[in-house]
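Please look through the structure shown here before reading the report. The text then takes up selected local features one after another.

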Amino acid sequence: MKTPLTLALAATTALAPPAFAEMLDVEKDELTFGFIKLTDMAPLAVAYEKGYFEDEGLFVTLEAQANWKVLLDGVIDGQLDGAHMLAGQPLAATIGFGTEAHIITPFSMDLNGNGITVSNEIWAQMKEHVPHEDGKPVHPISASALKPVVEAYADEGKPFNMGMVFPVSTHNYELRYWLAAGGLKPGYYSPDDVTGQIDAEVLLSVTPPPQMPATMEAGTIYGYCVGEPWNQQAVFKGIGVPVITDYELWKNNPEKVFGLSAAFQEENPQTTIAITKALIRAAMWLDANDNANRPEAVEILSRSEYVGADYDVIANSMTGTFEYEKGDTRDVPDFNVFFRYNATYPYYSDAVWYLTQMRRWGQIAEAKPDSWYDEVAKSVYKPAIYLAAAESLIDDGLATKDMFDFDTDGYKATTPAEDIIDGIAYDGRTPNAYLDSLPIGLKGDQTVVGNEVQG
């Protein structure tokens, strides 16, 4: 059934810029943006390929980056004017966890889009602990099915290793969330030990996304959490099984953001709005008319200069389905969301969730009041820029007001318990109460000292 939003998207994305639309007076028109080879960089590729940047008077170069650290450093030192970023990166940089710099985001790039994959050997051992119906595993699959496998490895004196893409990545926090919800401890960070493996039953380490399948195939890790196409690549190669998508972990969770330095935005306010306009148009196009443009998007992403994976591998998730075990393909229409559900709005509550996970696992070493979470969120997430871009698109005749959340205070309604794997609701307005409700993780005044949680 076509909803009013679906019809609005179909209508507005079909329009060309009207002749009377005035271009913003941009301060800088030649720009270089960085990205990592993942399908959720799609808004950048689409904005480039469909001419949306040029419509705003921007001449953009897109450059793939070797890893997330190189990408962040490029934005900080000015080699890149902006980039496809992990949502945790602007927050961590701004509070001084890792590289310190004030990074902001006016645009959230997508919802969902990640999965957790285990090797065939681990899946065979997990499977006997997973309920089945009509011969197929019942989803979502809890990490409680992995717990006896991890315990068996521990009994044999073997560490259980899994991969994630970066210490402040969504993937790190989602993998930790899934493990903890199933009763497994993923380990803590401390100021003296940034491995994140203090008191861990499952040892998590960084592996760059494109290397995930090969690293698992080599036996260095037994599973991983990553964005597409690297879960589907494991299925395609016959080396692993995705056991859960992050849509099943936390329905419509925020993923990547577009990050720029605060200094860039201050020096180039109109340019920042113009960039945001082009990205919003790309997101609209990606979700328009019930994802009708996704096959074209997959063709763009499959090119070597973007993601560079096989068309069929990218299409497995980008076109509304997801393959778990080989042959077990299920409809997951919202696996990748780029505009629906206000996906592009930079909500403060999304920022606060990332900060709670940093605190939960010790990356934020000491307790902070609720007001601190709100202040940090507002220093990094910039909805005023986003709404200025939205207003300009409406003035241009390219969008309608009902397509944007103009009435919010920046905080989403509480995410209901039934939408999260552990059945614990999330309210971004009360981060400490939320932390206290989670059975595994730091809470209150607890700190990590040596190899122990104290307090």
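Tyrosine 341 is partly exposed, at 43% relative accessibility; buried means under 20% relative accessible area, exposed over 50%, and partly exposed in between, with a 1.4 Å probe and protein chains only. Tyrosine 341 sits in the loop between strand S18 (336-337) and H16. Helices (H or I, at least four residues) and strands (E, at least two) are DSSP runs, numbered from the N terminus. Although tyrosine 341 is not a glycine, its phi is positive, about 60°.

The model is predicted: local features need pLDDT of at least 70, side-chain atom pairs count only at pLDDT 80 or more, and totals for chains, interfaces and linings use all residues. Residues are numbered from 1 along each chain as its sequence is written, and side-chain values use heavy atoms, with hydrogens and water left out.

Aspartate 199 also has a positive phi of about 60° without being a glycine. This aspartate is placed in the loop between strand S11 (193-198) and strand S12 (203-206). Its relative accessible area is 40%, so aspartate 199 is partly exposed.

Two cis peptide bonds can be described next. One joins histidine 139 and proline 140, with omega about 0°. Proline 140 belongs to the loop between strand S8 (136-137) and helix H7 (147-155). Another joins glutamate 228 and proline 229, with omega about 15°. Proline 229 is located in the loop between strand S13 (223-227) and helix H10 (230-237).

Salt bridges are the next topic. A salt bridge is a side-chain nitrogen of Lys or Arg within 4 Å of a carboxyl oxygen of Asp or Glu. There are 23 salt bridges in the structure, and the table lists some of them.

| Pair | Closest N and O atoms |
|---|---|
| Lysine 28 and aspartate 81 | 2.7 Å |
| Aspartate 55 and arginine 281 | 2.8 Å |

Lysine 28 forms a salt bridge with aspartate 81. Lysine 28 is in the loop between helix H1 (4-13) and strand S1 (30-35), and aspartate 81 is in the loop between helix H4 (68-77) and strand S3 (82-85), so the pair ties together parts 53 residues apart in sequence. Lysine 28 is partly exposed at 32%, whereas aspartate 81 is buried at 8%.

Aspartate 55 forms a salt bridge with arginine 281. This pair links distant parts of the chain, 226 residues apart: aspartate 55 is in helix H3 (residues 52-55) and arginine 281 in helix H13 (residues 269-291). Arginine 281 is buried, with a relative accessible area of 7%, while aspartate 55 is partly exposed at 31%.

Aspartate 374 and lysine 378 both lie in helix H17, 4 residues apart, about one turn of the helix.

How do H16 and H17 pack? Helix H16 (residues 348-360) and helix H17 (residues 370-380) make an angle of about 125°, with their axes 9 Å apart. Axes are lines fitted to C-alpha atoms, for helices over the stretch in contact, and angles run from 0 to 180 degrees between N-to-C directions. H16 and H17 are therefore oblique to each other; angles under 35 degrees count as roughly parallel, over 145 as roughly antiparallel, 65 to 115 as roughly perpendicular and the rest as oblique. Contact means heavy atoms within 4.5 Å. Among the residues of H16 that meet H17 are Tyr348 and Arg359, and the H17 residues include Trp372 and Lys378.
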